[in-house]
Amino acid sequence: MMMGYLLARAGVDVLVLEKHADFLRDFRGDTVHPSTLEVMCELGLLDEFLKRPHQKVRQLTGYVGREPITVADFSHLSLHCPFIALMPQWDFLNFLAEQGRRYPAFNVRMQAQVTDLIVEGGSVVGARAQTPEGPLEVRADLVIGADGRHSTVRERAGLKVQNLGAPIDVLWLRLSRRADDPEQSAGRFDAGRILVMINRGDYWQCGFVIPKGAIDDIRRKGLESFREEISTIAPFVRDRVDELHSWDDVKLLTVVVDRLRRWYRPGLLCIGDSAHAMSPVGGVGINLAIQDAVAAANILADPLREGRVTMTHLRQVQRRREFPTRVTQRLQVFVQDRVISRVLAGRRQLSLPWLLRLLRRVPLLQRIPARLVGVGIRPEHVRLPVARPPTS
Ligand SMILES: Cc1cc2nc3c(=O)[nH]c(=O)nc-3n(C[C@H](O)[C@H](O)[C@H](O)COP(=O)(O)OP(=O)(O)OC[C@H]3O[C@@H](n4cnc5c(N)ncnc54)[C@H](O)[C@@H]3O)c2cc1C
């Protein structure tokens with residue numbers, strides 16, 4: 001959606017195909033990072049964006065056992081918004097779609113599920129989609145695969161995937177929120193359990209982290225035992241775990257960490273999770289997807305407008321974004337293997353590891369994870385002309 005917005009704003013005709021009828025999906029994160037907010041500022045959208053309901057997270061807090069610990073402090077970042085804006089991603093996407101519609105070149109087609117690519121003479125020249133009205137064929141100078149971690153586009157393009165391994169999955173569930181609950185979204189770590197709780201106003205969006213493949217075992221033990229797991233790690237929700245009536249209230253989100261060796265072929269480019277599926281660790285995948293879109297639009301807008309996109313341009317996009325992706329994924333895999341897997345395998349009460357004790361003793365150090373999570377490596381800036389004034 002961001003890529004579509006940026007290109008249309010620069011005067012390139014765009015059609016965004018989205019398989020769902022709306023953006024009300026729960027499978028995405030809610031984090032809009034300081035660097036994404038900086039992009040919104042560069043686009044002149046920030047004030048309007050911040051009018052939408054959101055919560056400002058200035059510090060990332062976790063609990064190890066019962067001990068609270070601040071892991072990252074964003075308040076010192078020298079950006080327009082030194083905080084993470086927590087906003088359900090459907091609000092973010094609706095906002096971008098609304099802003100995009102102000103440009104004549106921007107088009108979105110909902111309920112259009114891409115099923116295949118149109119290939120002629122070895123080049124991708126369009127995509128085929130399924131819609132409620134029947135099959136749709138779209139021809140384009142460039143097809144951009146931005147269809148997430150189970151990307152059809154990259155699969156149909158035959159691009160080679162390198163799997164980096166994810167030893168975890170996430171069980172996604174909601175519990176109501178009461179006035180006297182804690183205010184802050186936080187991750188809770190205890191022996192054998194990790195629960196991430198995101199404050200969405202009147203309810204908690206919860207992510208219960210499990211070892212990959214453990215879902216059958218958890219189901220076998222029964223819902224009551226699962227409710228007890230949740231109550232043990234977050235005792236203040238014990239009075240409402242009965243809201244989980246059946247396993248239908250608990251969704252399995254599979255975690256994938258992988259990367260394409262080549263993100264492009266003639267007529268086609270993949271960005272975001274389609275090029276490099278991100279782990280939820282650090283909550284940075286949305287930011288990377290947005291940064292890819294900005295970099296790709298900066299490089300491609302002029303050649304697209306002039307109908308002269310070549311493999312060199314597509315290669316430039318991968319060159320620009322591969323390094324930040326590699327470093328971020330390496331860090332995610334490190335945390336998955338060295339921290340999360342060990343916590344999940346542990347049976348004894350957790351004590352604060354030395355690194356977290358150091359962060360507590362020297363708060364200045366909290367600025368390092370804040371920079372890594374909030375800004376990331378090689379942040380992108382919008383360098384695009386506005387081709388046509390927006391329609392009101
Ligand atoms: C459990 C979990 C929690 C996470 N939490 C966070 C977090 O808090 N913060 C964070 O930054 N990252 C988080 N991530 C990572 C983040 O979700 C992704 O990195 C990010 O959403 C990637 O954005 P994207 O636009 O590339 O793909 P997506 O957000 O997956 O968007 C892909 C879009 O393409 C559509 N689509 C898919 N297939 C087709 C098709 N064939 N035709 C048409 N449309 C199609 C989908 O409906 C969707 O709208 C989490 C990941 C997981 C697994």
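In α8, Leu288, Gln291, Asp292, Ala295, Ala296, Ile299, Leu300 and Pro303 touch His313, Leu314, Gln316, Val317, Arg320, Arg321, Pro324, Thr325 and Thr328 of α9, where contact means heavy atoms within 4.5 Å. By class, this contact has nine nonpolar, five polar and three charged residues. (Ala, Val, Leu, Ile, Met, Phe, Trp, Tyr, Cys and Pro count as nonpolar, Asp, Glu, Lys and Arg as charged, and the others, Gly among them, as polar.)

A word on the source: this is a predicted model, in which local features need pLDDT of at least 70 and side-chain atom pairs count only at pLDDT 80 or more, while totals for chains, interfaces and linings use all residues. Residues are numbered from 1 along each chain as its sequence is written, and side-chain values use heavy atoms, leaving out hydrogens and water.

Helices α8 and α9 pack at about 165°, with axes 9 Å apart; axes are lines fitted to C-alpha atoms over the stretch in contact, and angles run from 0 to 180 degrees between N-to-C directions. That makes α8 roughly antiparallel to α9 (over 145 degrees).

Here are the elements as DSSP runs (helices H or I, at least four residues; strands E, at least two; numbered from the N terminus):

| Element | Residues |
|---|---|
| Helix α8 | residues 285-305 |
| Helix α9 | residues 311-345 |
| Strand β11 | residues 143-145 |
| Strand β19 | residues 264-265 |
| Strand β20 | residues 268-270 |

Three strands form an open sheet of mixed pairing, in the order β11-β20-β19; strands pair if DSSP finds at least two bridges between them. Two bridges join antiparallel β19 and β20, and Tyr264 has Leu269 in β20 as its bridge partner.

Conventions. Parallel < 35°, antiparallel > 145°, perpendicular 65-115°, else oblique.
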